[in-house]
Amino acid sequence: MATESVTLPGDVIDLVRQAHWITVFSGAGMSAESGVPTFRDAQTGLWERFDPAALATVEAWDDDPALVWGWYLWRMKLVGDAQPNPGHRAIAGLADHRTVMVVTQNVDDLHERAGSEVISHLHGSLFEPRCSVCAAPYHGTGTRLPAGFDIASYTEPPRIDPPACHECLSPVRPGVVWFGEPLPRDAWQRAEHTIAGSELVLVVGTSGIVYPAAELPERALANGTPVIEFNIDESALSPYVTLSVRTSAAVGLPALLDAVRG
Ligand code: APR
């Protein structure tokens, strides 16, 4: 299958060549070509009738922790079965030529598996479950779908009881930020610091509609830092960024790396 390619505008290449400290700010579109559905893609399969924005809430957890835990175990499996795409690998490769700091809204581990160091998971991580009461990190069993689990045998979303915290026996919850919850303070502060020190911000695959995360590229622009967007569609940030490239993460970012390598 021929690999799609894109010709990047000269201004984009110049900005990346001139910058030495680059922040990559990624959203769900970064992982779309790895087969991980974006947050606002229609839910598929058993969760088709569930709105992810309704499931990723404290109310849904309080109402039916086993449904929410089963959904997150399924999402962890989807991510575990996925592979970093050429966009993830290009960001990791860029770090051989520039100082690259990754700040992501994504809860998957695909940047890390491609070789990037992630400075901040603004919305937490699928792979850092914690106690829903005492917040102790949980490293025990029960954080993977049972061996031989066959989603095809289900006609309803699997309800799987969450494990109990080893410290206080309360239910363990996903280590992600739910709608309405505050972002982890340390993740937010690291992201603020990284954006403030950047000479260039690459925004990849985000609709730019969820705050406070979407405030970060806006701060960069207010600081006079150039912001280049890679998105297959117009986003809420497109009218404001320095340059917006209509390309996908897995096509545009390898082209950017090739240009830097010159
Ligand atoms: N390459 C680049 N961009 C893409 C690709 C792709 N292959 N596929 C989709 N996109 C773009 C879409 O055009 C859209 O602008 O990625 C963006 C995905 O937007 P969302 O689904 O809203 O995801 P995101 O912006 O990350 O959402 C932010 O909100 O839903 C909460 O916590 C959740 O972290 C998430 C946050």
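This is a predicted model: local features need pLDDT of at least 70, side-chain atom pairs count only at pLDDT 80 or more; totals for chains, interfaces and linings use all residues.
Local features need pLDDT of at least 70 and side-chain atom pairs count only at pLDDT 80 or more, while totals for chains, interfaces and linings use all residues. Residues are numbered from 1 along each chain as its sequence is written, and side-chain values use heavy atoms, with hydrogens and water left out.

**His 123**
- An unreviewed UniProt entry gives His 123 the annotation "active site"; such annotations may be inferred rather than shown by experiment.
- The loop between strand 3 (118–121) and strand 4 (130–131) holds His 123 (strands are DSSP runs of E, at least two residues, numbered from the N terminus).
- His 123 counts as buried because its relative accessibility is 14% (buried means under 20% relative accessible area, with a 1.4 Å probe and protein chains only).
- Beyond neighbours within four places in sequence, His 123 is in contact with residues including Thr 104, Gln 105, Val 176 and Leu 183 (contact means heavy atoms within 4.5 Å).
- At 3.3 Å, the side chain of His 123 reaches the backbone oxygen of Gln 105.

**Second largest pocket**
- The second largest pocket holds about 380 Å³ of space (a pocket is an open set of points on a 1 Å grid where a 1.4 Å probe fits, with protein on both sides within 12 Å along at least five of seven lines; lining residues have an atom within 4 Å of a point).
- Its lining comprises 23 residues, and Gly 124, Glu 128, Arg 130, Gly 175 and Pro 184 lie nearest the centre.
- Strand 3 gives the most to this lining, with four residues.

Terms used:
Buried means under 20% relative accessible area, exposed over 50%, partly exposed in between (1.4 Å probe, protein chains only). A polar contact is a pair of N or O atoms within 3.5 Å; within protein, one must be able to donate a hydrogen and the other to accept it, and residues adjacent in sequence count only if both atoms are side-chain atoms. Grid points are joined across faces, edges and corners, and a volume is the space filled by probe spheres set on the points.
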